[in-house]
Each structure stands twice: as C-alpha cells, then as structure tokens.
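Come along and check each entry against the picture.

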2 protein chains.
Amino acid sequence: MSDSNEKKQTWLLLMAGHVVENGLAGASLRPLAKAAGTSDRMLIYHFGSKDGLIDALLRCLAERFTQALDAALPPGHAPNRAACLAEITALMRQPQAAAFAHVWLDILAEAARGTTVFQTTAAAIIEGFLDWIVGRLPEDDPDPATGAAVILAHIEGALVLTAAGRPDVAERVENTLF
Amino acid sequence: MSDSNEKKQTWLLLMAGHVVENGLAGASLRPLAKAAGTSDRMLIYHFGSKDGLIDALLRCLAERFTQALDAALPPGHAPNRAACLAEITALMRQPQAAAFAHVWLDILAEAARGTTVFQTTAAAIIEGFLDWIVGRLPEDDPDPATGAAVILAHIEGALVLTAAGRPDVAERVENTLF
DNA sequence: GTCGAAATGTAGCGATTGCTACAATAGGAA
DNA sequence: TTCCTATTGTAGCAATCGCTACATTTCGAC
C-alpha cells in the first residue's frame with residue numbers, strides 16, 4: 001500500500017510538471033502517462049478514472065504551490081503593506097510563478113464553470129495564499145485579514161492584466177495602491 | 001459577398017451564445033455548427049479552418065462584450081470613484097456578466113499560454129473596458145487613466161476571487177479601496 | 001437556355017479521446 | 001510447490017476530433 005502510494009506520488013510530481021508546462025485543459029491520459037514514465041492503462045488502474053487522476057493531480061498542484069510560496073519567501077514581516085506588496089509582486093514576476101499562473105487560470109476557468117473538484121482546489125489555493133500573505137504583513141498591521149485580502153486581490157488582478165498583455169495597467173495600480 | 005458576410009455574422013452570434021454557455025476551451029466544430037444551424041463542413045468552407053473560425057469568434061465576442069457594457073450602463077459620470085466602482089461591481093454580479101466571465105477566463109488561460117489570437121483579443125477587451133470605465137469616472141477626476149486602472153484591476157481581481165469561490169475576499173477589499 | 005463558379009450535402013479518413021477485455025507476470029501465503 | 005491476488009502489457013473498442021474528396025445543387029452572367 002505504502003509502496004503503491006509512493007509510486008503514485010512520484011507519478012503525480014512528474015505529471016504536475018507536465019501540466020505546468022503544457023496546460024491542464026488539454027491534458028489527456030497518454031501524454032500524462034508518458035510524462036510519468038508509465039502507461040495510460042496504469043493511470044486508470046491506480047487512479048480509477050481520469051476524474052480520479054485529475055482530482056489527485058489538483059491536490060498535488062495545490063500542495064506544491066503553497067510549498068513553493070514558503071520556499072521562495074519564508075515567513076518574515078515586511079516594514080509596511082506597500083513593501084509587502086512589492087515583495088510579492090516581484091516574486092510573481094519570476095518565471096516559475098508565471099508558469100504556474102497558466103495552470104491557475106486553467107483551474108479558475110473550470111472552477112467558474114462549476115466543476116466541484118476545481119472549485120475546492122481553487123478555494124484551497126486562495127486560502128493558503130491568504131495565510132501566507134498574513135505571515136508576511138507588518139507585525140503591527142492593524143487588520144491583517146483585510147491587508148492580505150487587498151494584496152491578494154491586487155495580485156490576482158495583476159495576473160489577469162498580465163495574461164491579457166497589459167502588465168502596464170497592473171503596474172500603474174501597484175504604485176498608487178498604498 | 002455581403003450576403004455571405006451577413007450569414008457568417010448570424011452564425012457567429014449564434015455560436016457566441018453557445019460558447020458563452022458551454023465554454024470556449026472545449027468548443028468543437030460539430031456542436032458549434034449545430035448551434036449555428038449549419039454543418040461543420042460549412043464552417044470550414046466559410047472560415048477556412050477552425051483557427052479562422054476561432055479568430056472570427058473571438059472578434060465577435062470582444063465586440064459583443066464592449067457593446068454589452070455600453071448597453072448595460074451608458075456613459076455617465078459617477079459622483080466619485082467609490083460610487084463608480086460600486087456601480088460596476090453591481091453590474092458584474094449580474095448573471096450575464098458571470099456567463100461572460102467563464103469565456104473571459106478561457107480566453108485568458110489561452111492568452112497566457114501564448115496563442116496570438118487570444119492575446120490580441122484579450123488586450124482589445126481590456127482596452128475597451130478601460131475606455132468605458134474612463135467614461136464613467138467623475139467628471140473632475142484628477143487622473144482618469146489611473147482611476148480606471150485601479151477600478152479595472154479590482155474588478156479583475158474580484159473576478160478571480162469569485163471564480164475561486166471566495167467572493168467574500170473581494171467584497172472586503174471593495175469596502176476599503178477608496 | 002447555357003455555362004461556370006459558388007455553395008452545400010454525404011461520407012469518410014486518420015488521429016486521438018477515455019476506457020476495457022484478456023492474458024501474462026509477479027510475488028507472497030499456505 | 002501451489003495457489004491467489006496484485007500488477008502490468010497488448011490490443012482494441014466506440015466516440016469524437018479537424019478536415020477532405022466527391023458529388024450535387026444553386027444561381028447569377030451571358
């Protein structure tokens with residue numbers, strides 16, 4: 001059992017890499033299996049169905065994302081909200097964050113259409129992101145929940161504007177937010 | 001020629017409706033043709049290829065979106081930025097806006113992955129949206145470009161947070177933005 | 001009416017989709 | 001060894017994908 005779980009976990013990591021590079025929307029069994037070094041037959045056998053695989057893959061991606069946040073910028077309090085936002089914005093401009101942004105938009109599109117697994121995954125990612133931001137706000141922030149919400153909303157807005165090819169709009173806002 | 005263009009335009013409107021309801025990512029020729037009341041054979045014949053069809057469909061969607069904005073809230077100056085944001089936020093909560101949000105996220109996901117047609121469409125939609133917001137800002141707004149950018153960034157952030165199942169976060173920000 | 005081009009229907013191609021039937025292998029329990 | 005279950009490979013199914021070959025219809029120019 002533990003042996004099987006280890007193998008599945010290895011597969012999931014490899015498939016997560018493939019998904020980050022090639023997108024989640026058009027991901028089909030055979031390419032995923034090739035990325036994991038196995039066969040579609042095995043993926044169905046161990047995950048039950050493609051839905052089961054996507055479910056596991058989404059959990060894996062969410063966990064990887066929250067871990068990546070802590071790894072990139074471990075908790076530590078910024079002097080003020082503006083500095084905190086600047087730090088996170090700079091982090092989001094790094095290539096690995098941009099790569100994840102593609103998958104994030106895939107997840108959002110499917111979540112918006114009502115698919116339960118994608119909705120819970122998206123909510124979990126948001127929750128983890130909010131917690132992480134709270135841990136980076138100024139120690140004396142009067143209202144960390146609101147502060148984190150403002151920063152996260154701006155990060156997500158900037159994500160959309162950047163994806164739409166207008167990072168300049170996001171930048172203009174960033175300079176006048178706090 | 002004009003006859004052919006009229007027919008294509010009718011088809012595009014019907015297909016746009018289908019796409020808004022069923023998503024753009026998984027849209028394939030035969031369902032689109034059925035929605036337009038024709039055949040996949042005819043779509044290929046008149047649009048050259050699926051890429052050509054998607055291109056035309058995206059232009060149609062972008063135009064429909066900007067027109068829908070003007071139709072929902074014709075230009076008129078709000079008393080202040082906060083009121084302007086509140087108006088637009090209320091508008092975005094209407095069902096038709098939510099329906100378009102699904103397609104918008106599809107477009108963004110594809111644009112983020114680098115597909116040119118989606119990128120230009122996304123940029124055009126952003127541009128039209130910005131112009132429309134400028135036309136609704138207070139008449140004496142000191143910096144309409146920045147004001148529109150701040151409002152649009154928040155709207156897009158709220159879109160993401162809502163799609164992720166956390167509209168509460170967006171709402172919290174809205175109350176403290178101006 | 002005649003002719004030629006545009007427009008449309010029918011049928012199907014090769015590729016890919018998620019998934020499965022069947023058989024073979026492997027590895028531990030008795 | 002013997003048997004049983006878990007695991008894996010091979011092959012293929014029905015459905016759908018974008019697209020095309022071929023035949024037919026439609027329709028305006030002459």
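This is a predicted model: local features need pLDDT of at least 70, side-chain atom pairs count only at pLDDT 80 or more; totals for chains, interfaces and linings use all residues.

**Entry 1: two helices in chain A.** I looked up how helix 8 (residues 144-163) and helix 9 (residues 167-174) of chain A pack. Their angle is about 155°, and their axes are 7 Å apart. Angles over 145 degrees count as roughly antiparallel, and therefore helix 8 and helix 9 of chain A are roughly antiparallel to each other. On the helix 8 side I found residues including His154(A), Gly157(A) and Leu161(A), which meet a helix 9 set that includes Pro167(A), Val169(A) and Val173(A). By class, this contact has 6 nonpolar, 3 polar and 1 charged residues.

**Entry 2: chain A meets chain B.** I found 36 residues of chain A in contact with 36 residues of chain B. Which helix of chain A gives the largest share of its side? Helix 8 does, with 13 residues. I also noted that this side of chain A divides into 23 nonpolar, 8 polar and 5 charged residues.

**Entry 3: a helix in chain B.** Helix 4 (residues 50-72) of chain B has 23 residues and reaches 32 Å, close to the expected 33 Å. Among its buried residues I listed Leu57(B), Leu61(B), Phe65(B) and Leu69(B).

**Entry 4: the DNA.** I found that 15 residues surround DNA strand C, with Ser28(A), Lys50(A) and Ser4(B) among the closest. By class, the residues there divide into 5 nonpolar, 5 polar and 5 charged.

Notes:
Residues are numbered from 1 along each chain as its sequence is written. Chains are lettered from A and ligands numbered from 1 in the order in which they are written. Axes are lines fitted to C-alpha atoms, for helices over the stretch in contact, and angles run from 0 to 180 degrees between N-to-C directions. Helices (H or I, at least four residues) and strands (E, at least two) are DSSP runs, numbered from the N terminus. Angles under 35 degrees count as roughly parallel, over 145 as roughly antiparallel, 65 to 115 as roughly perpendicular and the rest as oblique. Two residues are in contact if their C-beta atoms, placed from the backbone, lie within 7 Å. Ala, Val, Leu, Ile, Met, Phe, Trp, Tyr, Cys and Pro count as nonpolar, Asp, Glu, Lys and Arg as charged, and the others, Gly among them, as polar. The expected span of a helix is 1.5 Å times one less than its number of residues. A residue is buried if 20 or more other C-beta atoms lie within 10 Å of its own, exposed if 12 or fewer, and partly exposed in between; C-beta atoms are placed from the backbone. A residue is near a molecule or strand if its C-beta atom, placed from the backbone, lies within 6 Å of it.
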